[in-house]
Amino acid sequence: MHSTPSLQLTTPGSRYSARERLGLALIGVGLVALISVMFGAGAGANALSLWLTMGCITAGSAVLFSGYLKRPAGVDNNHVWFTPATARGMAGWLLGIVFTGFYVLLYWAPHNLEHLVRMTDSLSYMLRGEAADRWFLYGFFYTVAVLIMGARMILKYRGNRYQIVRTGSVMFFQLGFAFLLPGILKMLNQPEYYFSYFWPLKYDYIWPNSISYFTSASGLGVFMVFWGVVGTAVATPVLTYFFGKRWYCSWVCGCGGLAETAGDPFRHLSDKSLGAWKVERWMVHSVLVFIVLTTALLWINSAMGGGLLGALTGVLSQWYGFFIGLVFAGVIGVGFYPIMGSRVWCRFGCPMAAVLGLLQKYFSRFRITTNGGQCISCGNCSTYCEMGIDVRWYAQRGQNIVRASCVGCGMCATVCPRGVLRLENAGRKSRYNGPVLIHEDRVSVQLDDTWRANRPLMPPAQEDIPILTERDVQAMQLGGSRAI
Amino acid sequence: MMPQHVVVVGNGIAGITAARFIRKLSSARITVISAETDHFYARTALMYLYMGHMRYKEVKPYQDHFWEKNAIDLVRGYATRIDTASKRVIMGGSRAIAYDALLIATGSQSNMFGWPGQDLDGVQGLYGIPDLVTMERWTEGIVRAVVVGGGLIGIEMAEMLHARHIPVTFLVREKGYMDYLLPEEESTLIGQEIRDHGIDLRLATELGSIQSDKQGRCRAVVTTGGDEISCQFVGLTVGVRPNVDLAKASGIETNRGVVVNEYFETSAADVYAAGDCAEFNRDGIGSRRVEQLWYTGRNHGKTVARTICGLRTAYDRGVFFNSAKFFTVEYQTYGDIQARRPASVRTILWQDPAARKLLRIDYAAQGGVVRGFNALGTRLRQDVCERWILQRAKVQTVLKQLRRAHFDEELGPRPYKQLIRAYKQSEMSHA
Ligand SMILES: Cc1cc2nc3c(=O)[nH]c(=O)nc-3n(C[C@H](O)[C@H](O)[C@H](O)COP(=O)(O)OP(=O)(O)OC[C@H]3O[C@@H](n4cnc5c(N)ncnc54)[C@H](O)[C@@H]3O)c2cc1C
Ligand code: SF4
Ligand code: SF4
């Protein structure tokens with residue numbers, strides 16, 4: 001008999017096609033060029049560097065991702081867990097270090113990015129009428145990432161109308177509302193404002209000093225304040241009632257936009273354990289409480305003419321901005337995509353997601369409907385849920401999924417091989433349908449610990465080691481399979 | 001009477017569902033003995049392990065702490081015999097576990113039809129994790145694989161190999177893929193889908209023998225027509241049969257499966273059988289005598305749990321449904337759609353000219369009562385279809401209410417008008 005290796009399902013050799021190799025090579029050239037620019041190469045020809053590097057990366061991506069068109073439209077997750085970049089292999093960690101490193105430079109050592117910033121000057125003058133700074137560079141890279149990876153997303157899921165439209169939407173909002181519009185405002189000498197962000201995500205948009213700053217700036221500034229207040233107080237509850245939190249999280253938001261596009265190859269890395277869910281609820285709601293308290297304090301303080309907190313307010317908002325806004329949302333939120341999945345920030349840190357989640361759970365028509373008894377418990381839905389929701393837990397009981405954290409990306413429904421799941425905004429009555437597969441649930445016994453202690457003593461299970469057939473020997477050695 | 005100790009042999013969907021429901025209904029001690037894996041996993045997801053969509057961890061429907069929390073003891077081992085007189089399961093050697101009630105849920109085994117060469121290295125079926133391990137080994141670096149048998153597991157195996165960039169020749173005995181279950185249009189559509197993926201689909205072709213190389217490894221298959229196809233791996237997926245080894249060794253009545261009545265009671269007192277391994281002792285209890293599906297296994301387990309807990313309950317098979325996926329094309333079926341439609345049944349068929357989508361509604365020529373639905377590449381809502389069938393809804397009603405059964409993604413296309421047109425054409429052709 002052959003000895004049985006542990007269940008090591010590894011990638012068979014290098015299977016990159018000529019097209020893929022060409023695409024990767026072009027992207028590689030573009031990235032190397034970018035790094036060279038960072039170290040001062042081509043300093044005299046900034047505009048040219050910009051076009052060359054971005055041209056290479058875009059062309060390479062086009063070649064690489066057009067491969068999707070060669071395959072019939074459908075769910076394409078082959079080799080996801082065999083590919084080091086998407087399975088927390090060496091390449092994955094490397095990517096994580098590169099992403100994180102970029103944030104570290106951006107926040108704490110921006111002088112290292114000086115050459116890159118200068119490279120984008122020409123574009124910045126065109127759009128904003130002034131020289132670039134590091135935040136312009138960041139916004140530019142961010143938008144390029146959303147657009148290129150968004151195009152990939154659309155090609156990959158081109159058989160699914162919901163995915164196409166939703167991805168188009170986040171691309172539109174990132175490009176228009178988070179990149180072009182703020183640039184144009186700058187050109188027009190208006191205050192910097194992002195129309196696609198609201199309190200509490202942009203925690204200072206309804207703080208007293210921002211409001212006085214905007215309203216004193218211009219007529220448009222007054223409109224911005226109005227927009228911000230309406231966005232938070234009216235649009236958020238109303239839209240969430242009708243559509244669930246997805247209207248924001250996976251259609252509009254920039255953080256969500258990046259997660260849904262650049263983060264797509266990493267969505268399965270989210271932690272699905274019960275423990276993670278517990279941490280998530282504590283953490284995200286703590287951040288929300290903190291923001292609400294801070295905002296309230298700031299208003300009381302301003303009403304009292306600074307009598308309550310004095311200089312403390314400034315310190316408070318600075319610390320929040322640093323820890324939550326920068327470290328959490330940026331370094332961990334994006335930098336750790338290849339390690340912890342694409343929605344770490346949205347899940348554990350975003351106060352906007354917390355508000356939307358509470359609304360979604362208690363005041364919304366949105367749910368994911370489970371299609372009767374069709375679930376085969378395969379696990380694709382849970383695996384590819386970027387929010388770490390164990391969708392299968394509900395689906396295999398025939399129960400609808402109503403969860404605060406669900407961002408309505410629709411991926412669980414897309415990857416389900418049996419057509420079990422559908423995102424819906426139907427009436428509220430049918431929302432919680434209970435576990436329909438198990439009407440017998442009504443006759444249920446509560447196991448308490450006294451029963452546990454008193455249960456009849458039997459030889460411990462593990463001691464029953466049987467004489468094994470060959471087939472069992474093979475199976476037994478699969479213990480190693482848990483490692484894959 | 002509530003048993004004190006329930007032993008379940010087999011941790012598949014039938015055995016585990018039974019154990020879970022017994023736990024809901026009672027505080028009996030529950031022991032699940034199983035040989036293949038420590039924990040329950042989704043057999044239906046085997047393909048995704050090999051294709052890299054998921055890891056073993058992800059195909060376990062319950063996290064590992066679930067069993068301890070619900071006081072279900074798991075024993076890894078092989079039950080060789082049941083001593084029905086002393087009510088003990090013999091685990092080999094001198095080990096035995098006493099039971100008050102015992103459930104045999106031993107599942108199926110891959111069929112082998114005695115082909116010359118079927119025991120060669122590189123030749124195997126696909127039923128469990130051990131098969132995946134050998135498949136991994138045999139398919140490393142190979143040039144071509146042959147899959148024999150055009151059922152649901154065969155097409156999954158073809159897709160698995162295809163995902164690993166291994167060229168596949170797919171031998172199917174029938175003239176159309178699964179044409180014994182599917183009407184012609186469905187069968188043709190799936191055939192196209194298979195070929196579109198570059199699979200060398202050979203219909204009306206049967207395996208004759210498998211040729212060996214000097215090392216005892218398969219090197220080619222020869223069809224009954226005499227064609228030789230060089231290959232280094234042969235997947236034999238010609239159906240599964242109930243695993244009756246344990247019952248047989250214990251003197252419990254077996255036929256094709258372990259024989260049970262509508263309460264899943266076997267010929268031995270306090271011994272039950274459910275899932276793939278069970279065979280009903282008469283027609284009409286299940287949709288067939290042996291039901292080998294995931295959801296039937298779940299329903300068996302749920303029902304037998306009640307009986308074991310003293311709430312003797314007969315099996316209610318409900319309206320038949322099933323689903324599958326053929327490469328990228330999803331398939332759902334509800335009610336009764338026959339491959340060869342009798343004259344008393346009419347059909348409405350819609351096929352998307354641009355995409356691989358198909359919807360079929362069969363109805364009685366007399367009176368128009370709807371009989372069943374087939375959906376390919378489009379999703380229908382089970383409870384709505386089920387209600388229509390149970391309430392004997394007329395085809396006109398169904399067409400009018402069709403949007404209620406719509407289950408495709410939001411914003412997706414909806415072919416209602418086209419279906420109504422197809423209905424009118426169907427009626428006209430019969431007028
Ligand atoms: C590749 C594949 C894909 C499938 N896809 C689908 C699908 O999409 N939809 C669908 O409806 N059905 C599908 N099926 C069928 C479905 O998986 C089975 O119907 C179902 O798993 C049967 O469940 P069960 O509990 O009866 O038995 P099993 O799941 O077979 O469980 C029985 C267990 O008992 C163990 N065992 C057997 N004898 C002993 C013994 N003497 N001692 C200890 N342990 C023992 C076995 O090792 C096995 O682990 C598929 C099957 C396969 C193989
Ligand atoms: S449950 Fe589904 S729709 Fe919601 S976040 Fe997870 S994958 Fe997306
Ligand atoms: S809902 Fe779909 S994807 Fe999720 S476990 Fe069930 S069959 Fe698999």
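The questions and answers below walk through ligand surroundings, domains, strands, salt bridges and backbone details.

Before starting, note that this is a predicted model, in which local features need pLDDT of at least 70, side-chain atom pairs count only at pLDDT 80 or more, and totals for chains, interfaces and linings use all residues. Residues are numbered from 1 along each chain as its sequence is written, chains are lettered from A and ligands numbered from 1 in the order in which they are written, and side-chain values use heavy atoms, leaving out hydrogens and water.

Q: How many residues surround ligand 3?
A: A residue is near a molecule if one of its heavy atoms lies within 4 Å of it. The closest ones here are C375(A), C378(A), G379(A), C381(A) and C416(A). Counting the whole shell around ligand 3 gives 13 residues.

Q: Which helices of chain A each supply at least two residues of the shell around ligand 3?
A: Helices are DSSP runs of H or I with at least four residues, strands are runs of E with at least two, and both are numbered from the N terminus. By that rule, the two suppliers in chain A are helix 18 (380–383) and helix 19 (391–395).

Q: How many residues of the shell around ligand 2 are charged?
A: Members of this shell include I368(A), M387(A), C406(A) and G410(A). Ala, Val, Leu, Ile, Met, Phe, Trp, Tyr, Cys and Pro count as nonpolar, Asp, Glu, Lys and Arg as charged, and the others, Gly among them, as polar. The shell around ligand 2 divides into nine nonpolar, two polar and no charged.

Q: What is the separation between the centres of domain 2 of chain B and domain 3 of chain B?
A: An automatic or database domain assignment sets the bounds, with domain 2 of chain B at 123–238 and domain 3 at 330–429. Taken over C-alpha atoms, the two centres are separated by 32 Å.

Q: Which residue forms a salt bridge with E186(B)?
A: A salt bridge is a side-chain nitrogen of Lys or Arg within 4 Å of a carboxyl oxygen of Asp or Glu. The rule finds four across the interface of domain 2 and domain 3 of chain B. With the closest N and O atoms 2.7 Å apart, the partner of E186(B) is R360(B).

Q: How many residues apart in sequence are the parts that R343(A) and E260(A) tie together?
A: The side chains of R343(A) and E260(A) meet in a salt bridge, 2.6 Å from N to O. R343(A) lies in the loop between helix 15 (337–340) and helix 16 (344–348) of chain A and E260(A) in helix 12 (residues 254–261), so the pair ties together parts whose sequence separation is 83 residues.

Q: Which residue is the bridge partner of Q211(B) in strand 14 of chain B?
A: Two strands pair if DSSP finds at least two bridges between them. Strand 13 (residues 207–212) and strand 14 (residues 218–223) of chain B run antiparallel and are joined by five bridges. In strand 14, the partner of Q211(B) is A220(B).

Q: What is omega of the peptide bond from W199(A) to P200(A)?
A: Most peptide bonds are trans. P200(A) is found in the loop between helix 8 (161–187) and helix 9 (208–217) of chain A. The bond from W199(A) to P200(A) is cis, with omega near 10°.
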